[in-house]
Amino acid sequence: MVSACQNKHFVQKYFSAEEQELFQLRIERAAVNFAGKEAVAKAFGTGFRGLHPREIAILRAESGKPYVKLAENAQRMAEELGISRILITLTDTSELAVAQAVCLGD
């Protein structure tokens, strides 16, 4: 995954502008964010068949804690599914990226 994220076209196709700005710090961040996008899409029950990766942004708060920001279509789908919060855990090394997402309702 890290090698795929080094490809400029891959990054432009699958990541928001906000995420691309974060990746200038570390390419591994792109790999773990992609893993996070996949975990969120799977937690929705659709995978990337129902949600395009660009509809899911994995961003960081000032504290460094990751959070999920959904684009309009993904937000609408979350509301339809009764999802009000998404918890995400990310970890990465230079060779491995792992993510877990849990969707919670009201």
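Which residue's side chain does R60 meet in a polar contact of 3.0 Å? I will come to that after a note on the model.

The model is predicted, so local features need pLDDT of at least 70 and side-chain atom pairs count only at pLDDT 80 or more, while totals for chains, interfaces and linings use all residues. Residues are numbered from 1 along each chain as its sequence is written, and side-chain values use heavy atoms, with hydrogens and water left out.

Now to R60. Its partner is N33: the two side chains are joined by a polar contact of 3.0 Å. By polar contact I mean a pair of N or O atoms within 3.5 Å; within protein, one must be able to donate a hydrogen and the other to accept it, and residues adjacent in sequence count only if both atoms are side-chain atoms. R60 lies in strand 1. Strands are DSSP runs of E, at least two residues, and helices are runs of H or I, at least four, numbered from the N terminus. R60 is buried and has no salt bridge; D92, the nearest side chain of opposite charge, is 5.8 Å away. Buried means under 20% relative accessible area, exposed over 50%, and partly exposed in between, with a 1.4 Å probe and protein chains only. Lys and Arg count as positive, Asp and Glu as negative; His and the chain ends are not counted. A salt bridge needs a side-chain nitrogen of Lys or Arg within 4 Å of a carboxyl oxygen of Asp or Glu.

The structure holds two salt bridges. One joins E38 to K42, with the closest N and O atoms 3.6 Å apart. These residues are four apart in helix 4, so about one helical turn separates them. E38 is partly exposed at 33%, and K42 is exposed at 55%. The other joins R76 to E72, again with closest N and O atoms 3.6 Å apart, and both residues lie in helix 5.

Next, the core. A nonpolar core is a set of buried Ala, Val, Leu, Ile, Met, Phe, Trp, Tyr and Cys residues joined through side-chain atoms within 4.5 Å. The largest has 18 residues, and V40, F44, I56, V68 and L70 have the most contacts inside it. Helix 4 gives the most, with four residues. A second, separate core of six residues includes F10, V11, F15 and A30.

Last, the strands. Strand 3 and strand 4 form a hairpin with four residues between them. They run antiparallel, joined by eight bridges; strands pair if DSSP finds at least two bridges between them. T89 stands opposite Q100 in strand 4.
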